[in-house]
Amino acid sequence: EHPILDYKEETPSSQAFMEEAEEVMPGGVTANIKYFEPHPVVMKHGKGSKLTDMDENEYIDYLMSYGSLVTGHGHEHVKKAIMEQMDRDGTWLFGTPHYLEVEMGKRLQKHFPSMELLRYTNSGTEATLLSLRLAAAHTGKHKIAKFEGHYHGGYDQMLVSVSPSVREAGNADAPYSLPESKGMHPSHARNTITLPFNNLKACKKILLQHKDEIGAVMIEPVQAGFIPAEKSFMKGLRQITEELGMVLIFDEVKTGYRTGLGGAQNIYGIKPDLTALGKAIGGGYPVGVVGGKKEIMMHSAPSQGSDVFDSSQSKRSSSKDVLFHSGTYNGHPMILAAGMAVLDILEKELDDVLKQTEKLKNGINEKLRKYGVQGEAVGIGSIFSVVLNNKEKIRNYRDLQKTDLATRKEIDFRLLGKGIYVKPMNRYSVSTAHSDEDINQTLDAYDEVLREVYE
Ligand code: PLP
């Protein structure tokens, strides 16, 4: 019995649909990440913790749209907020400043006090991109440093050494910068310096070498949402970036609301200069936020320079004195209404989600021990991943590559066949909708799968 065949036989409609989709979109998908071999499962309904596919198979969903659905599918309070917002002001888009931008902003600032000022964007990608421009404007230094294995969005500057073949990626303490996509200009791999995660000594050495060029250091405080930075590492990184005049950017697109309402920065007790948020903040609607130190954020304040499009104001300082940031849909009222509804729920229920996640992680760890499997569920907050055959604690991308990824994949496919949905090789994200019954059902499925794989 082959695990892939197992799920494939139960999803003929998904397969047929994907053949049709391939006539419309390359590979049948509108984001490469949605694809997997031999074909993705195509869903047609979602509610609470559950997804239903085109063949009426039901799944407990732990992908939760890559973590963004922190209140589950179709939460009634979020839905109500959107419907009410639709009626409240007549229109759903003003194209002017409006009260929700400020209301939501104040609530975010309460949870993320490092955000002295903030701006909205339409995605996590746009948020990290804007933070890089702010850092360059502030420091006058245009190179960027990022960490091996960290993802910040699919654009050229940052699509470097996200998932390199370790064999070709240089020494562990001086990783190469490798482009991750066809079509990228080679200059990006030169201007983006790659650092080794959780290795302070090596980071310091590299940052010192490039101290006059690097303006920004961006980090996922919890790599891929489940490998936490060590506290001493984070503290050291904060110190060295401050000393060298580099803007420290926390990319909390995954960790925002998921490691607690105040994100990873609250857990580490470290104040980044800038923070990028996304995913859970919009509860399933497209959003991003950049916030941080006033003196950095103010580079984008148009009142500091001229209106870029208004030639009558040419006597004022040149438009180049202001950092350009725009977006037709930035701060969209419907999305902010959804975002505030998500916050209402999490301010009451997030602790329960964290407890529920612990229960699931502990349960999986127990099952692994029951079958004598070396491995563990690792992560903090409401996201985690399962690593197998790790010799020691996983500390970075290279450690992860040495784990048993093939068996992990097999387990994921077998779970898929038993109604547990994590896109194979992805993380688990728990939501307010995951009940005790869901957790128990998941652990029963885990038990069966581990028996099939290891006995
Ligand atoms: N940064 C991190 C840490 C992410 O996980 C992601 C998305 O997976 C992004 C940035 C990009 O966000 P988006 O997909 O909303 O553009």
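**A friendly walk through a two-domain model**

The protein in this predicted model is divided into domain 1 (3-74 + 349-454) and domain 2 (94-331).

Reader: How many residues does domain 2 give to the contact with domain 1?
Author: Happy to start there. The C-alpha centres of the two domains lie 29 Å apart. Domain 1 puts 23 residues into the contact, and the count from domain 2 is 25 residues.

Reader: Which elements give two or more residues to the side of domain 1 that touches domain 2?
Author: By class, that side of domain 1 has ten nonpolar, ten polar and three charged residues. The elements giving two or more of its residues are β16 (383-388) and α12 (397-401).

Reader: Which strands stand at the edges of the seven-stranded open sheet?
Author: Follow the order of the strands, β4-β14-β13-β12-β9-β5-β8, with mixed pairing. The twist from one strand to the next averages 20°. An edge strand here has a single partner, so one of its sides is left without a neighbour in the sheet; that describes β4 (117-121) and β8 (192-195).

Reader: Which residue in β9 is the bridge partner of K143?
Author: Look at strands β5 (residues 143-147) and β9 (residues 214-219), which pair in the parallel sense over three bridges. On the β9 side, K143 has as its bridge partner I214.

Reader: Where β1 and β2 form a hairpin, which residue in the turn has a positive phi?
Author: Strand β1 (residues 43-47) pairs with strand β2 (residues 50-53) in the antiparallel sense, over four bridges. Within this pairing, H45 is bridged to T52 in β2. Two residues lie between the strands, and the one in the turn with a positive phi, about 60°, is G48.

Reader: And what is the positive phi of E56, in the turn between β2 and β3?
Author: β2 also pairs with strand β3 (residues 58-61), in the antiparallel sense and over three bridges. In β3, I60 is the bridge partner of K50. This hairpin has four residues between its strands, and in the turn E56 has a positive phi of about 70°.

Note on methods
Residues numbered from 1 in each chain as written. Predicted model: local features only at pLDDT ≥ 70, side-chain atom pairs only at ≥ 80, totals over all residues. Domains from an automatic or database assignment. Contact = placed C-beta atoms within 7 Å. Nonpolar A, V, L, I, M, F, W, Y, C, P; charged D, E, K, R; others polar. Pairing = 2+ DSSP bridges. Axes fitted to C-alpha atoms, helices over the stretch in contact; angles between N-to-C directions.
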